[in-house]
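Subject: A structure for you to look at

Hello,

I am passing on the structure we talked about, and I hope you enjoy looking through it. Please open it first, and then read on.

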Amino acid sequence: MKRMLCIFLLCSFSAIAAPNDPAALIDMELTKLIALYTDGLASNDARSRHVTFGSLFDDPKRQDAVAFFSLQGVSLSNVHQEYIAIFAKGQGRDLSGAKGPKERPYHLVATAMVGSRGSRSLDWKTAKITDGQIVVQGKRWAKADAQCCPTKPIVVTFSIAASLEDDLMPESYPVLKESEKP
């Protein structure tokens, strides 16, 4: 009985502690997003996720999040696909006192597939966030490369309008633009 109570208390504590931890909040959002992207056969685990925080949009005080994740075993194959997901930090708006909504701590702004086996692979830990841009190093497969091992170094820049979270206009499309350089 004491063991069950201890497990219950630990689970309760982690459930209470998690909503204040930005990394835990993004991890919960990623779990939902991955459930939408998977074909039911592909898998993802915590080791194939990476989150970088920084000021991506107009407010330098807010720490937005850029998350990278992958799916392995797509369609029961040895293919993997890499994705980027961009989350804007909420402003803490709360209308619940007037029976209205409460803003989520982070909300998804854009997501896209950015790599896969046979095309390119990004080194997520190199991601740098600046106003409206995410710069990531990676490697692209050259013609002579085996499927396991890309060798051609690249730098990929993802651009998103710095005011996008509040002002989505037709000229903002596509929402996420990218350029690649050797």
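Below are some notes on its aromatic rings. Please keep in mind that this is a predicted model.

How many aromatic pairs are there? The count comes to five. One of them joins Tyr-37 and Tyr-83: the ring centres are 4.5 Å apart and the planes meet at 35 degrees, so this pair is tilted. The two tyrosines come from distant parts of the chain, 46 residues apart, with Tyr-37 in helix α2 (residues 22–37) and Tyr-83 in strand β3 (residues 80–89). Are they buried or exposed? Tyr-37 is partly exposed, because its relative accessibility is 30%, whereas Tyr-83 is buried, with a relative accessible area of 5%.

Another pair is made by Phe-68 and Trp-124, and this one is stacked, with 5.9 Å from centre to centre and 10 degrees between the planes. Here too, distant parts of the chain are linked: Phe-68 belongs to strand β2 (residues 64–72) and Trp-124 to strand β5 (residues 120–130), 56 residues apart. Phe-68 counts as buried, at 0% relative accessibility. Trp-124 is buried as well, at 12%, since the cut-off for buried is under 20%.

One last thing to look for is a charge over a ring: the charged end of Lys-89 sits over the ring of Tyr-106, 5.3 Å from its centre.

Best wishes

Definitions and conventions. Residues numbered from 1 in each chain as written. Predicted model: local features only at pLDDT ≥ 70, side-chain atom pairs only at ≥ 80, totals over all residues. Heavy atoms only, no water. Phe/Tyr/Trp six-rings, centres within 6.5 Å; stacked < 30°, edge-to-face > 60°. Helix = DSSP H or I, 4+ residues; strand = E, 2+ residues; numbered from the N terminus. Buried < 20%, exposed > 50% of the residue type's maximum accessible area, 1.4 Å probe, protein only. Lys NZ or Arg CZ within 6 Å of the ring centre and 35° of its normal.
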